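Let's walk through this one together, starting with a sheet and moving on to the charged pairs. Have the structure open as you read.

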Amino acid sequence: MLFFQTLLCLGYLYAHALARLPSRQMQARIHLALLLIAALLADRVLPGIDFRPQSAEAPVAQVLLILGASVGLPYFCLATTGPLVQHWFTRTSHSGSVFRLYALSNVGSFLALLSFPYLLEPWLEQQEMGRLWTIGFWVFALMCLPLAWGAWQQPVGSPPVSPPGVPTQAQSSPPRILPVGWRLRLVWIALPALASLVFIAATDQISHDVAPEPRLWITTLGLYLVTFILTFDHPRWYRPGLFAGLTLVLILVVAGMSDIPGWVGLEWDYGVNEVRWLHFGLLFAVCMLCHGELYRRRPAAPERLTEFYLCMSLGGAFGGLFVTLVATHWFDDYHEWLMALLLAAILAFAVLWQAARSRWARGASAAGAAVMVALLWVLQNPWSWREVRTQEGSEILLDQARNFYGTVSVKERRHVREPERDDRVFYSGSVTHGQQFLSASLKHVPTTYYARDSGIGETLQWAMQRQPALSVALIGLGAGTLANYARADDAYDFYEINPEAVRIAQQWFDNLASCKAKEQKIFLGDARLRMEQLPADKQYDVIVLDAFTGGSVPIHLLTREAFQIYRQHLKPDGFIAINITNAYLNLYPVVRAQAQALGMSYRHKYQAYDEARNIRRNLHFVMTLDPHYLQAYPSVDRPRQDEQGRSLRAEPQDIPGLRLWTDQFSSIAPIVR
């Protein structure tokens, strides 16, 4: 988002500067030259392997470099199209409907957003999509030629004529023409900045605190674009009082869903889908409010058009820049969500205040804003939940950090009646990534997904029985729970991409410190790249992949090329054990296809939830060429039953015909639950 919003802003700046040139021919020559250069570079949309990030540090700069080198100039040209074409459109006989072009451009963006996951990704490889994109850009460049040369334009000063049924600019909004001063320019920046902030913050909030579904960004970005389409298409779609009131109601419901029912004596439990759709509704209402008010303040003079869009793009970029450069580095949680709610509430009351006709109504709006701000602070106080105490026990937040990869935290849970069950839990976002009991007798008993009778536990113990010394690679550190399996003669290599996860595992859990392995290493960075850099003779007895329990999985660790790297560093009788526990994606057919491609046999093991032992429901998949292991440990399915206890089916379920995931093709569409 940072890259595309910033480049969009630069494209709008270019359009504004170009439109100020007095010579129409000069505008055409400059833009045609830019289009020609971009068309020549459009076949480089897919970066080569030389651009892969190599550093273990947060790869923000490297990602920006890759995007700039691959799609930088072509996307820059695309970004200039909206304001530039609309500026030229004001010179035609239909200039009264110029702002509808912006709505149409967002219709195109919305259709493109939907076409990728549902039409392109499930069927085409990256190279094919890259060629299709290149051809599309060339077609776009050719279509821009007559526009750049000024076809269909009329001399300056000719009266604009709108088609029948389409309101002119004077007819399509309240008859108020605002002078363009610095205050209005700030409004042009502030309104889209708030919409951008709410869009990004809502996406992070839903992913972090509700449910990190794989295609969340499609829904939130789609809603964001739809509000542009509606507000810029026609004034009938935006009613200030309606959307201001709706915004306030939804803010109150979303912020107080866990507290307000108790205040009024109700027992109300929101389901995950209800919470998710309430957040979606709030995002839509706030963006309609921001973009609707922005459209109402659009310039009347055509020469201000590109300046208006430049300010809009600056606002959108500021929202993204704040989250990426400020919130990510200075906040330990998603505090920008509370900021977004407060600012949206203030905006809603400001709209109501402006619409009020009496002094009493305006006073009530101002008082309501003050009460809402105070109430939001009480309901969403970012520090109030860090220590929760009840008669049964307490839960204290010991540590929390945020970086490029998200948030990680540690909570300590104390039980009044069962002190032997006191523990610490490691979270990545809202997903449990490890747990350790505090009592001396249970401290080093593997829990959560890694019990001794889990698929990974059985595999490690089988290998330990047959080898006096094991070499083990573990991709995904978590709390370091699997280090408890190590013996004195073993060697354990941990691969972890998030430096904050390493810090928390070392500071708050002692699994690594008490690990018995004579050799223990932590490789910081992308596991696939780090393993690819290993000497060719580096061989492991067991490779454990444990990075797929969240809603957004690292797909590049599950492709054919990735498994070829694992196989290259696996001993002939070794094991590849994969934790495929995931509430959102059915990863079983993906790894099964990889096992078949490698010519390896496999098994899976489902383990049910066990509260007494702190065992979470888990599913592991193991590849090996060891027939004795497969005979000793047959696969274990998860039985699914209806409410009457009748058997429905067994899981995991295969998906016949699923294409093998490669670096060129990896569609999640067939495996979304």
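Start with strand β4 (residues 423-428), which is joined to β5 by six bridges, the two running antiparallel. Strands here are DSSP runs of E with at least two residues, helices are runs of H or I with at least four, and both are numbered from the N terminus; two strands pair if DSSP finds at least two bridges between them.

Now zoom out: five strands make an open antiparallel sheet, ordered β1-β2-β3-β4-β5. β1 (387-389) and β5 (431-437) sit at the edges with a single partner strand each, so one side of each has no neighbour in the sheet.

This is a predicted model, where local features need pLDDT of at least 70 and side-chain atom pairs count only at pLDDT 80 or more, while totals for chains, interfaces and linings use all residues. Residues are numbered from 1 along each chain as its sequence is written, and side-chain values use heavy atoms, leaving out hydrogens and water.

On to the charges. There are 27 salt bridges, each being a side-chain nitrogen of Lys or Arg within 4 Å of a carboxyl oxygen of Asp or Glu. In one of them, E307 meets R185 at 2.3 Å, N to O. E307 belongs to helix α11 (residues 305-330) and R185 to helix α6 (residues 182-210), so the pair ties together parts 122 residues apart in sequence. E307 is buried at 11% relative accessibility, whereas R185 is partly exposed at 26% (buried means under 20% relative accessible area, exposed over 50%, partly exposed in between, with a 1.4 Å probe and protein chains only).
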